[in-house]
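User: Please walk me through this model. I want to know what the terms rest on.

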Amino acid sequence: MLPSLKDCKIGVIGLGYVGLPLAAEFAKYYIKNFPKIKKRIIGFDINKERIDELNKNFDRTLEVNQEELKSLKNIIFVNDINRLIDADVFMITPSLIIVPGLITAFAITHTPEPKELNLLTIAFG
């Protein structure tokens, strides 16, 4: 059983054009509705340079501006996959697929085909 939304930690996997704005929206939702709760969003990307930039409040895609990134105190940006272990729910954005228990170099670096996305959906039921 999943924890309540208030207690839920969300892992957003892939912080590109889709993942970063999604993570930012979740972070804003938590700030608005649960202001005392900290660090509820874990943003993961395999690109260390990308993570370093986001931790300095810079988004090269210009999807989220610097001031907005600064204001999101309840999100952490990581490139260590082990940090995702604390997440209760995963939002997997299109350019990266990771199946818990099947994390391999292939799973991290392979761009999925639609057939694989269907298999992933079946795997998670």
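Analyst: Leaving aside neighbours within four places in sequence, E68 is in contact with A24 and K28. Contact means heavy atoms within 4.5 Å. This is a predicted model: local features need pLDDT of at least 70, side-chain atom pairs count only at pLDDT 80 or more, and totals for chains, interfaces and linings use all residues. Residues are numbered from 1 along each chain as its sequence is written, and side-chain values use heavy atoms, with hydrogens and water left out.

User: Why is E68 called buried?

Analyst: E68 has a relative accessible area of 18%. Buried means under 20%, exposed over 50%, partly exposed in between (1.4 Å probe, protein chains only). So E68 counts as buried.

User: What makes the E68 and K28 side chains a polar contact?

Analyst: Their distance is 2.8 Å. The term needs a pair of N or O atoms within 3.5 Å; within protein, one must be able to donate a hydrogen and the other to accept it, and residues adjacent in sequence count only if both atoms are side-chain atoms. The pair therefore qualifies.

User: How do you know that strand 2 and strand 3 pair?

Analyst: Strand 2 (residues 41–44) and strand 3 share four bridges, in the parallel sense. Two strands pair if DSSP finds at least two bridges between them. So these strands pair. G43 stands opposite F77 in strand 3. Strands are DSSP runs (E, at least two residues), numbered from the N terminus, as are helices (H or I, at least four).

User: What is the strand order in the open sheet?

Analyst: The order is 3-2-1-4, with parallel pairing. Strand 3 (75–78) and strand 4 (89–92) are the edge strands: each pairs on one side only.
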